[in-house]
Amino acid sequence: MRLTSKTLAITVMAASLALAGANTAAARPAAAPGAGAPPQAAASGIVNTSAGARSAAAYWTKARMAAATPEPMPVKSAKTAAPTADRLPAISAAPTAPAKTGARPNGAARLLAGSAAALWSPHGTMPALTTGKLYFTRTDGSGGYCTGSVITAANLNTVWTAGHCINAGSGGGYFSNFNFVPDTDNGNIPWGTWSWKYANTTVGWANSGDPHYDVAAIAFYPQTARGSMQNFLGAQGYRFGYGQSFSVTDFGYPQSGYNRTDFPANGSRLYYCTGQTYRKSSSDDLIGLSCDMHHGASGGPWLTELASWGGGYIVGAYSHRTVNSSGVPIDIEARSANHGDGAINVYNDVSIR
């Protein structure tokens, strides 16, 4: 297993990194995450203090957000182990409407995109309210971003994303300094930002970089001005352990794509695809979808049964696709990790933090 090379990494001032990361370093587990545990188990997560959250919020200025680069996606190799069969009972929860707008808004766009991603509209209502850019500091000190979605959770403050958006995989360690900016459009920050409290992925991703377990969740502290994510923004529901065949809408902030040159250079706009998902093969439980979004769309939610008011059910999150030796996509097939036992274990760990 290898990761595509990280390009365009920015240089970050040492003093700022010390400020933003000082409160998280001591919380990192000393042992390898989930050592000896099966790949679908939740790994040993990473904790952030409230002081660390304030530092992260101050660190992510608009300039640093604009300079952040999309996290490269994992590359599936022949060495990747066959996925472990799901054994846990399926779990699900309905989406939650935002308190911000009172009654459930009837503002979702007409879904016409197909496999060629189209610009999403409107903003200010779900699902744009629950979708945002997830910023982080990589282990080399550079700034990165992915896509994430608020998910219904007991702690009212959980974002669902891909494992490679929080952890380098293959023992490379956790990223830090996570900050979530919901409903951002062309650099705007209409509802402020939320700073992280706890993040975790699977043992299979953290220890082996296996894309079959490329799922993650992050718990956040409430925002002083607006309270919890779920109450203010709303939250998408989920269906984990329900297989791989769904009619979905895939959201993301892409910077690049398959045969696309028109996506914004800094992934500043929200796009979407629609289509039918499928299981890769009888021996491979990865979820496939025809969608041309690539870097920047990592971790973006695959929502089934998206209602007119903007609520749906997360059944996948964008993980990777087949690329050539230069990291350029060679086909239109996007892939998500199967959201079965691995997703259930991570969700159960993070959603109560």
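Strands here are runs of at least two residues that DSSP marks E, and they are numbered from the N terminus. With that in mind, let's walk through this predicted model.

**Stop 1: Gly-192.** Select Gly-192 and you land in the loop between β10 (176-182) and β11 (194-201). Is this residue buried or exposed? Gly-192 counts as buried because its relative accessibility is 18%, and the cut-off for buried is under 20%. Now show its neighbours: leaving out residues up to four places away in sequence, Gly-192 touches Phe-180, Val-181, Pro-182, Gln-223 and Arg-226.

Stop 2: Next, select Ser-50, Ala-53, Arg-54, Ala-57, Thr-193, Trp-194, Ser-195, Tyr-221, Pro-222, Gln-223 and Thr-224, which line the second largest pocket. Its volume is about 170 Å³. Which element gives the largest share of the lining? That is α2, with four residues. Both α2 (50-59) and β11 supply at least two residues each. Colour the lining by type and you will find five nonpolar residues, five polar and one charged.

**Stop 3: Cys-146.** Finally, jump to Cys-146 in strand β8 (residues 143-151). Cys-146 has 0% relative accessibility, so this residue counts as buried. Setting aside residues up to four places away in sequence, its contacts include Glu-71, Phe-136, Thr-161, Cys-165 and Ser-298. Then pick Pro-70: Cys-146 and Pro-70 are 76 residues apart in sequence, yet their C-alpha atoms are 6.1 Å apart in space.

Notes
Residues numbered from 1 in each chain as written. Predicted model: local features only at pLDDT ≥ 70, side-chain atom pairs only at ≥ 80, totals over all residues. Heavy atoms only, no water. Buried < 20%, exposed > 50% of the residue type's maximum accessible area, 1.4 Å probe, protein only. Contact = heavy atoms within 4.5 Å. 1 Å grid on protein atoms, 1.4 Å probe; cavity = no way out; pocket = protein on both sides within 12 Å on 5 of 7 lines; lining within 4 Å. Points joined across faces, edges and corners; volume = space filled by probe spheres on them. Nonpolar A, V, L, I, M, F, W, Y, C, P; charged D, E, K, R; others polar.
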